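Look at the sequence and the model together. The paragraphs below go through a few places in turn.

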Amino acid sequence: MLASKRILLIIGGGIAAYKSLDLIRRLRERGASVTPVLTRAGTEFVTPLSVSALCGQKVFQDLFDLTDEAEMGHIELSRSADLIVVAPATADLMAKMVNGHASDLASTLLLATDTPVLIAPAMNVRMWQHLATQRNIETLLADGIAFVGPNEGDMACGEYGPGRMSEPLEIVSAIEAQLANGPLRGKKMLVTSGPTHEPIDPVRYIANRSSGAQGTAIAKALSALGAEVVFVSGPADVPAPSGVQVVPVGSARDMLAAVQRALPVDAAVFAAAVADWRVASASETKLKKSQNGLPKLEFQENPDILAPISHLNRDRPELVIGFAAETDDVVAHATAKRDRKGCDWIVANDVRPETGIMGGSENDVTLITKDGAEDWPRMSKDAVAKRLADRIAAALT
Ligand code: C5P
């Protein structure tokens, strides 16, 4: 899939740089050529010799080397690739990109380029969560920079949280998605997925049985057609897809805020099983058993996410797709829901327990559009996703 693709790989200075050596191997075994640039800080973590040996070519390190007539100039180096990948992208490199610095070879290439850029951030969790970095992320996204990761987990510094660089194969998938020459290239898609968790107190919550499998499959299928995907997911059972921008959320209100931040998009697929109600005043402390009887939970309606996006005047996605999980009279209820919510299409499914759909690997859907109801045969959730992605591509192009 990457045969004859040219990747310019900028390796920043972070402990995750060791994974970039494996990334080079994975890219080359898929037929890509990798031209390496190593920052000065990067040389503290991996050696120029290992990088150039794995790439099978010279490693570029110094801005002023390139001013020599005999060398490739930085403009040419920055533009001769199909994709620039920054892995690891440190907090410092990201800040330089935001501010347009040209203080070393890596930042100069990133400023001089007109080639798409994909970054794989890696840093300490507090650095990632710092407001300065969060502001920089917003700016880079607005500038059209694509992200892969970071993942959440144990960090080399002994802390836990978001900031771990994505694994080499996740970065490869993101690169493949960036270079995919599919019909959705250049289109931005939003997918919501999974259940939401509505807190009762700090340790208890109300949820539903959604696994996130169908939403995840849709995000993957759209990405495989070349779309840039923002994937807003509640706490799901299945792992989030790689190669898409993952925005993890907890409650329905968090999901609404994340969806609003992701706009504008060309199309939005609302596959999440959003809780309709939340506990009106969730307790700040754990509720205790008491002699005075059972706790009285009062419910309040959650905001709808799909309907206000469907009714936007400015920034309404060209195509808005909702889901309808029903247990009876599926088509009638889903058709009424399409009108009520104002979306273009509804993907309706029967989630009675005996269908095995909720939490299972197959789905049996009816696509409802303004032209009527179209019954699809029962198939895997991946196949439903592929078919839906193809329909979206046909509708948008
Ligand atoms: O729960 P309901 O059957 O009404 O969900 C229909 C559609 O509306 C789904 O696409 C779901 O993601 C969306 N929804 C929403 N916000 C809610 C409830 C549902 O966007 N609060």
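Predicted model: local features only at pLDDT ≥ 70, side-chain atom pairs only at ≥ 80, totals over all residues.

Residues are numbered from 1 along each chain as its sequence is written, and side-chain values use heavy atoms, with hydrogens and water left out.

Begin with helix α2, residues 48-55. Helices (H or I, at least four residues) and strands (E, at least two) are DSSP runs, numbered from the N terminus. Val-51, Ser-52 and Cys-55 of α2 are buried; buried means under 20% relative accessible area, exposed over 50%, and partly exposed in between, with a 1.4 Å probe and protein chains only. An α-helix has 3.6 residues a turn, so residues three or four places apart point the same way. Leu-49 and Ala-53, on the other side of α2, are exposed. The cover over the buried residues of α2 includes β1 (6-11), α1 (17-29) and β2 (33-38). After α2 comes Gly-56, with a positive phi near 70°.

Next, take strand β4 (residues 117-121), which contains Val-117. Is Val-117 buried or exposed? Val-117 counts as buried because its relative accessibility is 6%. Leaving out residues up to four places away in sequence, Val-117 touches Leu-83, Ile-84, Val-86, Met-97, Leu-110, Ile-145 and Ala-146; contact means heavy atoms within 4.5 Å. Val-117 and Val-85 are 32 residues apart in sequence, yet their C-alpha atoms are 5.9 Å apart in space.

Asn-136 belongs to helix α7 (residues 131-142). With 14% relative accessibility, Asn-136 also counts as buried. Apart from its neighbours within four places in sequence, Asn-136 is in contact with Ala-95 and Val-98.

Charged side chains can also sit over rings. Arg-387 lies over the face of Trp-376, at 4.5 Å from the ring centre. The rule is that NZ of Lys or CZ of Arg is within 6 Å of the ring centre and within 35 degrees of the ring normal.

Finally, turn to the ligand. A polar backbone atom of Ala-272 is 2.6 Å from an oxygen atom of the ligand.

Methods
Polar contact = N/O pair within 3.5 Å; in protein donor to acceptor, adjacent residues only side chain to side chain.
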